[in-house]
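Dear colleague,

I am passing on the structure below, together with some notes on what turned up when I went through it. Please read the notes with the model open beside you.

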Amino acid sequence: MKKNRNLHYIILLIAVTLTSCEKVIQLDLNTINPQLVIQGDIYDEPGPYVINISKTVNFDQPNVFPPVTNATVTITDNKGQSEELSQATPGNYVTSTLKGIIGRTYTLKVTIDEKTYTSVSTMPEPVEIDTIYQKKSVFGGNLIALSLTNPPNKDNYYQVIHLVNGKQVPGFSVFADNSAEFESISYSFMSTSAVPPLVAGDSINVWLECIDNGVFEYFRTANKDGGRSASPSNPVSNITNGALGYFNACSVRKKVFIYPEDKHITTTIN
């Protein structure tokens, strides 16, 4: 059975920069008093990995998030790996030897001014992107979609991020699925009439991240209205002690689609 799910959240800017791979997640964080924001990803790809630590600003202030420079940051896994991260630039703490390994559980520990924040994330098995293709929208126009084969007998959580001509498109999409058998899923993640609209020859680099439930809940509950609702709220963080943000140990698979294409593309980026 094929399913088609569209789930898009629009959010404000915090940058996480990786040397070997780069992803920008834009977050909407509503607050009155400045709060701590911790954000970082570990992949089943070579590092270094980055933990970004900053303070929030209100939505009516410039989107310049003050970095936190006095933190002690460590990451350990359930097999004995452990590393204290070094600060590469203000607020960005990087690994040098830590490896992201599928199936392992990672614990992030951040200490600032004698207060400690922790987060735990388990890296799921990866799921390959079967194809990327163009299809008609029921509302008119065309969509870009991916298909995957969902593993059976477990809860599966996904995040889709895409870049056009090397530049990440703002926003992100998350979806979940559970099935008792292998199931083909079709998921639309962008419109061909996006701003600016796609033109022939545009390169779309698609990341499919397999994430755990805590990370999924964070992105699922991220604000969609730019923080200007009558009752604004922050996403459900997977970090303890009142910190905002997320810590994500995920497997990632990538494909490239060249627009327009008359058939599925099978080129994989390693």
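Leaving aside residues up to four places away in sequence, Asp44 touches Gly100, Ile102, Met123, Cys250, Ser251, Val252 and Arg253. Please bear in mind throughout that this is a predicted model. Asp44 sits in the loop that runs between strand S3 (36-43) and strand S4 (50-55), and because its relative accessibility is 19%, where buried means under 20%, Asp44 counts as buried.

A polar atom of the Asp44 side chain lies 3.0 Å from the backbone nitrogen of Val252, and the side chain of Asp44 makes a polar contact, at 2.8 Å, with the side chain of Arg253.

The other item concerns the largest pocket, which holds about 350 Å³ of space. Its lining is made up of 18 residues, and those closest to the pocket centre are Val169, Met190, Ala194, Val195 and Pro196. Sorted by class, the lining has 11 nonpolar residues, five polar ones and two charged ones.

As for where the lining comes from, strand S13 (154-164), strand S14 (167-168) and strand S16 (183-191) each supply at least two of its residues, and S16 gives the most, with three residues.

With best wishes

Conventions. Residues numbered from 1 in each chain as written. Predicted model: local features only at pLDDT ≥ 70, side-chain atom pairs only at ≥ 80, totals over all residues. Heavy atoms only, no water. 1 Å grid on protein atoms, 1.4 Å probe; cavity = no way out; pocket = protein on both sides within 12 Å on 5 of 7 lines; lining within 4 Å. Points joined across faces, edges and corners; volume = space filled by probe spheres on them. Helix = DSSP H or I, 4+ residues; strand = E, 2+ residues; numbered from the N terminus. Nonpolar A, V, L, I, M, F, W, Y, C, P; charged D, E, K, R; others polar. Buried < 20%, exposed > 50% of the residue type's maximum accessible area, 1.4 Å probe, protein only. Polar contact = N/O pair within 3.5 Å; in protein donor to acceptor, adjacent residues only side chain to side chain. Contact = heavy atoms within 4.5 Å.
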